[in-house]
Amino acid sequence: DQVLSFNKSKLSGKLILESLRLGGDLHMSNATITQVNLRAARIDDGIWMNDSEFKEIDLTSAKVGGDLVLSNSRLLQQLIMENVRVGNTLSLRGLQVKQGSLPIQIVFAEVASSLFIEDGMLGSLDLSGTKIRGVFFLGWEDHTSLKWHSDSKLTLRNTEVGAIQDLANIWPDKLELTGFTYAHLGGIDTAGTDDPANRETNWYQ
């Protein structure tokens with residue numbers, strides 16, 4: 001398989017990989033890159049952008065055959081994933097978004113497995129029209145530290161998820177739930193006493 005690696009890179013300008021065709025993995029871990037353009041890229045395996053710092057990332061209409069991972073990275077301004085297709089999991093676990101950044105746009109996207117956003121510090125997140133076939137993970141017993149900047153909004157307009165795994169105290173103050181659908185609440189054995197499937201019904205009102 002082909003591998004394209006920018007691990008440990010420091011790039012102060014634009015990294016333009018628009019319409020890239022890659023028959024393997026793309027690595028950008030432990031890197032500092034100002035702008036990444038992956039619009040309409042086709043990556044057969046995974047994209048690994050963990051433990052890095054980015055100002056802007058544009059993945060509009062990209063297709064990723066495996067995992068798309070930005071775990072424990074730092075985002076300074078903007079992340080766009082409009083119409084992205086992810087063949088396995090999408091992980092924003094531990095992502096640190098700078099105060100005042102533009103809303104993360106993961107709109108009209110498809111994630112074949114699960115979306116992880118727990119343990120991070122997020123601003124507004126827009127998931128309008130996105131389909132997550134597996135679990136939308138906001139937190140559970142071993143991952144309890146998701147936080148939101150003040151005045152953040154989570155938009156789930158017409159979003160479809162297979163299941164929600166959360167904790168009662170880790171939602172942002174503002175929610176848009178028009179047309180939001182899910183198949184199940186909870187779904188992992190380590191959820192503990194705050195499993196959403198066991199929560200009192202008045203919590204959802």
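Visitor: In which strand is the place of A163?
Guide: In this predicted model, the strand that holds A163 covers residues 160–165. Counted among the numbered strands, the place of A163 is in β23.

Visitor: Is A163 buried or exposed?
Guide: The relative accessibility of A163 is 7%. Since the cut-off for burial is under 20% relative accessible area, A163 counts as buried.

Visitor: Which residues is A163 in contact with, leaving aside its neighbours within four places in sequence?
Guide: One of them is G134, which lies 29 residues from A163 along the chain, although the C-alpha atoms of the two are separated by 6.4 Å. With the sequence neighbours within four places set aside, the contacts of A163 are G134, V135, F136, H184 and G186.

Visitor: How many aromatic pairs are there, by the rule on ring centres, and why is the pair of F116 and F137 stacked or tilted?
Guide: The count of aromatic pairs comes to three. For F116 and F137, the ring centres are 4.6 Å apart and the planes stand at 0°. F116 belongs to strand β17 and F137 to strand β20, 21 residues apart, so that the pair links distant parts of the chain. Because planes under 30 degrees apart count as stacked, the pair of F116 and F137 is stacked.

Visitor: How are the planes of F180 and Y182 arranged, stacked or tilted?
Guide: The rings of F180 and Y182 lie 5.9 Å apart, centre to centre, with 40° between their planes. F180 counts as buried at 16% relative accessibility, whereas Y182 is partly exposed at 41%. As an aromatic pair, F180 and Y182 are tilted.

Technical notes
Residues are numbered from 1 along each chain as its sequence is written. This is a predicted model: local features need pLDDT of at least 70, side-chain atom pairs count only at pLDDT 80 or more; totals for chains, interfaces and linings use all residues. Side-chain values use heavy atoms; hydrogens and water are left out. Helices (H or I, at least four residues) and strands (E, at least two) are DSSP runs, numbered from the N terminus. Buried means under 20% relative accessible area, exposed over 50%, partly exposed in between (1.4 Å probe, protein chains only). Contact means heavy atoms within 4.5 Å. Rings of Phe, Tyr and Trp (its six-membered ring) pair if their centres lie within 6.5 Å; planes under 30 degrees apart count as stacked, over 60 as edge-to-face and the rest as tilted.
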